[in-house]
Amino acid sequence: MGGAAVDVGAGGVKAPDGGWGWAVLSGCFVITGFSYAFPKAVSVFFKELIREFGVGYSDTAWISSILLAMLYGTGPLCSVLVNRFGCRPVMMVGGLFASLGMILASFSTSIIHIYLSTGVITGLGLALNFQPSLIMLNRYFSEKRPLANGLSAAGSPVALCCLSPLGQVLQYQYGWRGGFLILGGLLLNCCVCGALMKPLVPPKNLKNKDLEQDKEEEKEGAEEKTNKPKAKLLDVSVVNDRGFVIYTVAASIMVLGLFVPPVFVVSYAKEMGNEDTKSALLLTILGFIDIFARPTCGVIAGLKWVRPRCVYLFSFAMLFNGITDLVGSQADSYTSLVVFCIFFGVSYGMVGALQFEVLMAVVGTEKFSSAIGLVLLMEAIAVLVGPPSAGRLLDATKNYMYVFLLAGSEVVLSAVVLATCTFLFIKNKPSVPADKLENGNDEEEKGAKEEQEKETVKDLKEEEEKDKEKVDEVRPESVTVDSQEVERFLKEPQQNGDAATNPETSL
């Protein structure tokens, strides 16, 4: 868990670290933005929904909760579909579901209809886009993967800064029904992003070699296929990996408190007597800092001396975030809340840029599709428990300080669990040293050449041994003649010659 591994993509194809991968990265940027920002952007329409259906704020808040629950809780289902059908078709179908949910919601006649359409259908569509996009990003990038993850994660704050004002404009111009209809059309861009997820294929020179090998292996493969087990749609064996278990436990504890401060910071500022617009500005500051923190952290995580220790960098990011919450609980003025949002934006961006990078380094490419599904399922439980628990604590104490203290202690605990357990139970992988990460391609090519040379040497030795055995078989025992037999053979012609010259003896 402590080391970084250079992964090989699907079908044995090495990650290109560029090329079409940048198009895949752009699609991941958009998908990440929709997935994380859309549940928050929908909250702009809550006041209109309250007036339309005569419900309370807690009733409308369930829309965002169901969206997040579907985004996280359907992780294993997404893993099964990706392993069965591939990333591209799953994402394109997910884009259709996401759009269909918002379009149906525009014709809703009760809040229950919105729960089912926006919450369940749109949430499922976003989930079918989010997880496959991360899987494809992991397949296209290996050495530059930390930077790619940081840039992809930056889509969340960028989309939030765009979708929230857009939602306000749509509500003002077309009402909530027209706004939902337009947002449904906007979500069709998920299908475009899904079309960008081109599967990796081997280069042409390898294709020709593979064709020759395939012809030779067709007969052997027919026999082996009958004995081979079918590929697992959900590889549950990943739970046997200590690194995965430690990561899952730490991430679940972290999620309990990670999303609490952004939910309550605006209300915290309003309770101090600040205006609504001034209080809402805090989230803008947080999001603006977050935009730059994520790519910057991705660059730092990709450094050759940092990447093998990315787990500890992730632990530091969580510790930084938790301490920020603990200190922010003592804020007593608007200025102190602004400072809190700045530091929280930095730490929150670091966590967002590293969380999936660390998981990719822990389990590798082959098991990542199953691992992320299981992790998101555990985080879904924490997401549904964390903010509501903080809300109940606020109702009981009427003091925001305890809410921030609880959130901070949970995040600090997750950092301690991850760093301590990794240090005690996980050994660093020496397969890829830090000073060779930059030259991973050359090292892999050299290793492949060395393996080929070793195989050829072995083949030559085997052939020589076979030739010796054949020579030994050709030499029968009858060929080895005694010296006495040779002398007899030589004497016989001489005796025959004497008999021929002396006719008397012959008679």
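User: How far apart are the end C-alpha atoms of helix α8?
Analyst: In this predicted model, helix α8 covers residues 155–186, which is 32 residues, yet its end C-alpha atoms are only 16 Å apart. A straight helix would reach 46 Å at 1.5 Å a residue, and α8 falls short of that.

User: Where is the kink in α8 centred, and what is its angle?
Analyst: The kink in α8 is centred on Tyr-174, and its angle is about 120°.

User: OK, zooming out, how many helices and strands are there in the protein chain?
Analyst: The protein chain holds 19 helices and zero strands. Of its 507 residues, 45% are buried, and its accessible surface comes to about 26600 Å², with 61% of that belonging to carbon and sulfur atoms.

User: And what share of the contacts join residues at least 24 apart?
Analyst: If you take the contacts between residues at least 6 apart in sequence, 86% of them join residues at least 24 apart.

User: Which residues touch the most other members in the largest nonpolar core?
Analyst: That core has 119 residues, and the ones touching the most other members are Phe-38, Phe-314 and Leu-359. The helix that gives the most to this core is α15, residues 334–397, which supplies 28 residues.

User: Stay with Phe-314 for a second, what does it touch?
Analyst: Leaving out residues up to four places away in sequence, Phe-314 touches Tyr-247, Met-254, Val-351, Leu-354, Gln-355, Val-358 and Leu-418.

User: What about Val-417, which helix is that in, and what does it touch?
Analyst: Val-417 lies in helix α16, which runs over residues 400–425. With residues up to four places away in sequence again left out, Val-417 touches Ile-246, Ala-250, Ile-253 and Thr-422. The C-alpha atoms of Val-417 and Ala-251 are separated by 9.7 Å, although these two residues are 166 residues apart along the chain.

User: Changing topic, how many disulfides are there?
Analyst: The count comes to zero disulfides, taking a disulfide as a pair of cysteine sulfur atoms within 2.5 Å. Cys-28, for instance, is in no disulfide, and the nearest cysteine sulfur, that of Cys-193, is 8.5 Å away.

User: Is Cys-28 buried or exposed, and why?
Analyst: Cys-28 counts as buried because its relative accessibility is 0%, and buried means under 20%.

User: And Cys-78, buried or exposed?
Analyst: Cys-78 has a relative accessibility of 1%, so Cys-78 counts as buried by that cut-off.

Terms used. Residues are numbered from 1 along each chain as its sequence is written. This is a predicted model: local features need pLDDT of at least 70, side-chain atom pairs count only at pLDDT 80 or more; totals for chains, interfaces and linings use all residues. Side-chain values use heavy atoms; hydrogens and water are left out. Helices (H or I, at least four residues) and strands (E, at least two) are DSSP runs, numbered from the N terminus. Buried means under 20% relative accessible area, exposed over 50%, partly exposed in between (1.4 Å probe, protein chains only). Contact means heavy atoms within 4.5 Å. Accessible areas come from the Shrake-Rupley method with a 1.4 Å probe; for residues, only the protein chains shown count as cover. The expected span of a helix is 1.5 Å times one less than its number of residues. The bend at a residue is the angle between axes fitted to the seven residues ending there and the seven starting there. A nonpolar core is a set of buried Ala, Val, Leu, Ile, Met, Phe, Trp, Tyr and Cys residues joined through side-chain atoms within 4.5 Å.
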